[in-house]
Amino acid sequence: ECEELRMITMPSTTTSIGSGAFRACPKLMTSTVNGAELSVEGDIFVSCPFISSITIGKDVKTFECNNLDKAITELIFEEGSQCTKITGNIFGSKSSVTEVILPPSLKEIGSSVFLSSKVSSIYLPESLEKIGDKAFYNYLANDDLIIPENVSEFGAQAFYGASGTKLTLNCRKTNDMQTSPFYKSTYTALELGSDVEYIGFA
């Protein structure tokens, strides 16, 4: 327990943060995490009633996390972020985050990132190239989702069971679409961008 701790900044040498690492810090409000290849377990801020945001430092290139603490309502990527990949069930069913703005450096959304997520608004950057297995599996939001033009690879069951009002694929060429990416999804509208040239096996 750290009763007076209010802010945490992790050094760039950090590689992992374990579950319960900052348990019972009653005055903790913000945290900035760093480390080029950073893995964060879930529930690292148990019994920290005032923590509401985590900032991903600009030097983080790969961010992996499962079950982001329910207390966290905002995940912020620092200006100038070099992050190219996020993976793990970051925004799962327990997450309280409602809006996600991913950095312009991001190239890959890995496996299960938005699995069973209720995030209502997601901004996907134009730099995005790959959406991994089950990335939006059972994604439960009701907002529109726009897939940018540089995405060329969809993992297996990427949007399996996902729901929403409209899914727009602006990808110019989707040449690697794995097994059943849209199976059982309940989007009311699917729009293909005018530059789409090819959609592979679905």
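**A parallel sheet and its salt bridges**

Let's start in the sheet. Strand β3 (residues 30-33) and strand β5 (residues 53-56) run parallel, and 4 bridges join them. A word on terms. Strands here are DSSP runs of E, at least two residues long, numbered from the N terminus. Two strands pair if DSSP finds at least two bridges between them.

Some ground rules. This is a predicted model, where local features need pLDDT of at least 70, side-chain atom pairs count only at pLDDT 80 or more, and totals for chains, interfaces and linings use all residues. Residues are numbered from 1 along each chain as its sequence is written, and side-chain values use heavy atoms, with hydrogens and water left out.

Back to the sheet. Strands of a sheet pair through backbone hydrogen bonds, either parallel or antiparallel. Which order do the strands take here? The order is β1-β3-β5-β7, 4 strands in an open sheet with parallel pairing. At the edges sit β1 (7-9) and β7 (74-77), and each pairs on one side only.

Now look at β5. On one side, V33 stands opposite I56 of β5. Strand β5 also pairs with β7, in the parallel sense, over 4 bridges. There, I56 has F77 of β7 as its bridge partner. Are the β5 residues buried or exposed? Buried, on both faces: S53 and T55 on one side, I54 and I56 on the other. Buried means under 20% relative accessible area, exposed means over 50%, and partly exposed lies in between, with a 1.4 Å probe and protein chains only.

Next, salt bridges. The criterion is a side-chain nitrogen of Lys or Arg within 4 Å of a carboxyl oxygen of Asp or Glu. The whole structure has 6 salt bridges.

Take K27 and E4. Their closest N and O atoms are 3.1 Å apart. K27 is in the loop between β2 (16-17) and β3, E4 is in the segment before β1, and the two are 23 residues apart. K27 is partly exposed at 31% relative accessibility. E4 is exposed at 52%.

Then E108 and K85. This salt bridge is 3.8 Å, N to O. E108 is in strand β10 (residues 108-109) and K85 in strand β8 (residues 85-87). K85 is partly exposed, at 27%.

Last pair: E153 and K130, at 3.7 Å between the closest N and O atoms. E153 is in β14 (residues 153-154) and K130 in β12 (residues 130-131), so this pair ties together parts 23 residues apart in sequence.

What links K85, E108, K130 and E153? A network of salt bridges.
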